[in-house]
Amino acid sequence: MEDMNQNSLAVSQSRAIAGAVFMVLGGVAFSLLNVVTQWLTMKLAFPPASAAFWHGFAFLFSLPFLHKSGLAAMRTDYPWRHVVRVVFAALGVEAWVSGLASVPIWQAIALVMTSPFFIILGARLFLGERVGPARWAATGVGFAGAMIILQPWLDSFTWAALLPVLSALLWGSSSLITKSLTGIERPETITVWLLVLLTPINGGLALVAGFAVPTGAALALFFLAGLLTVVAQYLLTLAYASADAAYVQPFDDLKLPLNVLAGWLFFGYAPAGYLWFGAALILSASLFIMRNEMRREKQAA
């Protein structure tokens, strides 16, 4: 019996670590995607609505999934749940790309950091997940670290600066539906449904706003954005499949220093503030919640 408990604990710990690693790697992919998106909309002045559509190059990279699994990759007993999830995700992409066309990466990331609050509250209300004081505290510390790094209150906010907050709400809703699907669907199914539906939805929105066709450097960057989108979304799905949404979400805070660094390297954005102190708070909060989760599972075993 003791051996079985130890084996169960080892499996739980490995799943917790896997969830954290997948979330961090997803953050790396998303930070690179943000750089490409802002370069397109700010440097090349590509229209945001059309930019969101041309991220549909991601569909090309989903073809290997379809080829490997055939039509089975699209089979599901929950089609409307997938549709609603992708609608939220598509509208979130529109809000996010429009926000990146107007504000620096560091400011957009600071505002989108409201997402954990939406996700943790939704996980408690709709998924029935237990959200204890440690999870709430760790998320709050991570958010405080984001504010210390980015200090968004020093800037004059416009309505456009609120677009990342809207995207946080929409993506948080999509993430909760993703989590509800991970126990009943394969990661490949969840990913391919997103990629197949995202392009036509964003295409309709682009037509309404005025459609633009990329050429030259813009075309190459959209191709890269498509690849990064597939990688990031798949890693996010794996993270939620490995552990509770409320547990893995604080590790998403690690994208903050990654995006600050990316903004500085590619655009020269250097937000004032105690950058490394804020990053230390985020890292500490993420490590604390991982250790707390492992301790709780050990007690349960």
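Here is a short tour of a predicted model, stop by stop, for you to follow in your viewer.

**Stop one: the empty space inside.** Rolling a probe the size of a water molecule over the atoms shows where empty space is left. In this model, that turns up 2 cavities of 30 Å³ or more. Head for the largest cavity, which has a volume of about 620 Å³. To find its middle, select Phe30, Trp171, Ser175, Gln233 and Leu236: out of 30 lining residues, these sit closest to the centre.

Now colour the helices around the largest cavity. H1 (2–43), H4 (79–100), H5 (105–112), H6 (115–126), H8 (163–182), H9 (187–209) and H10 (216–242) each give at least two residues to the lining. What kinds of residue make up that lining? You'll find 15 nonpolar, 12 polar and 3 charged.

In soluble globular proteins, nonpolar side chains tend to be buried together. Select Met23 and Tyr247 here: in the largest nonpolar core, with its 36 residues, these two touch the most other members. Then click on H5, which supplies the largest share of this core, 7 residues. Next, pick Phe46, Ala51, Val93 and Ala225, which are among the 16 residues of a second, separate core.

Is alanine 45 buried or exposed? Its relative accessibility is 59%, so alanine 45 counts as exposed. Check its backbone too: phi is near 55 degrees, a positive value in a residue other than glycine. Most residues other than glycine have a negative phi.

How values were computed: Residues are numbered from 1 along each chain as its sequence is written. This is a predicted model: local features need pLDDT of at least 70, side-chain atom pairs count only at pLDDT 80 or more; totals for chains, interfaces and linings use all residues. Side-chain values use heavy atoms; hydrogens and water are left out. On a 1 Å grid over the protein atoms alone, a cavity is a set of points where a 1.4 Å probe fits but cannot get out, and a pocket is an open set with protein on both sides within 12 Å along at least five of seven lines; lining residues have an atom within 4 Å of a point. Grid points are joined across faces, edges and corners, and a volume is the space filled by probe spheres set on the points. Helices (H or I, at least four residues) and strands (E, at least two) are DSSP runs, numbered from the N terminus. Ala, Val, Leu, Ile, Met, Phe, Trp, Tyr, Cys and Pro count as nonpolar, Asp, Glu, Lys and Arg as charged, and the others, Gly among them, as polar. Buried means under 20% relative accessible area, exposed over 50%, partly exposed in between (1.4 Å probe, protein chains only). A nonpolar core is a set of buried Ala, Val, Leu, Ile, Met, Phe, Trp, Tyr and Cys residues joined through side-chain atoms within 4.5 Å.
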